[in-house]
Amino acid sequence: MQRLSDPLPDDPLPLVQQWLTDAEHTEGVRNPGAMALATADGRGRPSVRMVLLRGLSSEQGFGVFYTHRGSRKGRELGALPWAAGALYWERLGRQLRLEGPVTVSPEAESDAYFATRPVGSQINAWVSAQSEPIAAYAELVSRVERKKQSLTQGERIPRPPHWGGFRLWFAAIELWVEGPDRLHERVRYERSLPATLNGAVPRAAWRYQRLQP
């Protein structure tokens, strides 16, 4: 496995982008942006699920994922806007860990992404009350069919108001490279972020240290 460079880069964001690009171009990696996203409720009890990292700003330092904002993760992020994510690419022997505050993506950005989704996925975003109980799977299928029948052929499907993006701002990044006999290589980067993340974020200096496996 390819080791991290020595000396290490002062800014990890270009390397994060390169790792994602490498995963996208590696045969056998089905979902290179698959990320385990951890949130916590008001009592500090964590929950984790897989989402897709759909965008990365290597300039500002945040990743974007999309979901139903009324889902469990959406509610937890509304109450405690901080999350951690992990991506693992076995074929590359690499793991990427991301931690930081979370903000809601601009509505125009969510609209633009929703418009690129397959029609079936757009319809499903309308009919599924994500994380809510349902008596039978057949009920979901029936909702989908009714929604399809209500649409005019060729009609543009707008984004549901309950569905959209979140930005995970990187306050910490850990790069992990598989080593022989589990002697893995780990480097953790950290930076201080401003209290307000709505506008442009000044490029903060990163601090890093190597960690034992």
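Two strands count as paired here if DSSP finds at least two bridges between them. With that in hand, here's a quick tour of this predicted model.

**Strand pairing**

- Strand 1 (residues 34-40) and strand 2 (residues 46-52) run antiparallel to one another, paired over 7 bridges.
- Those two strands make a hairpin, with 5 residues sitting between them. In the turn you'll find Gly44, whose phi is positive at about 80°.

**Trp126**

- Trp126 belongs to helix 4, which spans residues 119-127.
- Leaving out residues up to four places away in sequence, Trp126 touches Phe114, Lys147, Ile157, Pro158, Arg159, Pro160, Pro161 and His162.
- With Pro158 there's a polar contact too: the backbone oxygen of Pro158 is 2.9 Å from a polar atom of the Trp126 side chain.
- Arg159 is 33 residues from Trp126 in sequence, yet their C-alpha atoms are 8.2 Å apart in space.

**Glu185**

- Glu185 lies in strand 9, residues 185-190.
- Buried or exposed? Glu185 is buried, since its relative accessible area is 10% and the buried class is anything under 20%.
- A polar atom of the Glu185 side chain lies 3.2 Å from the backbone nitrogen of Leu4.
- Not counting residues up to four places away in sequence, Glu185 touches Arg3, Leu4, Leu175, Trp176, Val177 and Arg210.

**Leu151**

- Leu151 sits in the loop that links helix 5 (137-150) to strand 7 (163-169).
- With a relative accessible area of 22%, Leu151 is partly exposed.
- Beyond residues up to four places away in sequence, Leu151 touches Ile123 and Ile157.
- Ile123 is 28 residues from Leu151 along the chain, and the two C-alpha atoms are separated by 9.9 Å.
- Ile157 also turns up among the residues that Trp126 touches.

Key: Residues are numbered from 1 along each chain as its sequence is written. This is a predicted model: local features need pLDDT of at least 70, side-chain atom pairs count only at pLDDT 80 or more; totals for chains, interfaces and linings use all residues. Side-chain values use heavy atoms; hydrogens and water are left out. Helices (H or I, at least four residues) and strands (E, at least two) are DSSP runs, numbered from the N terminus. Contact means heavy atoms within 4.5 Å. A polar contact is a pair of N or O atoms within 3.5 Å; within protein, one must be able to donate a hydrogen and the other to accept it, and residues adjacent in sequence count only if both atoms are side-chain atoms. Buried means under 20% relative accessible area, exposed over 50%, partly exposed in between (1.4 Å probe, protein chains only).
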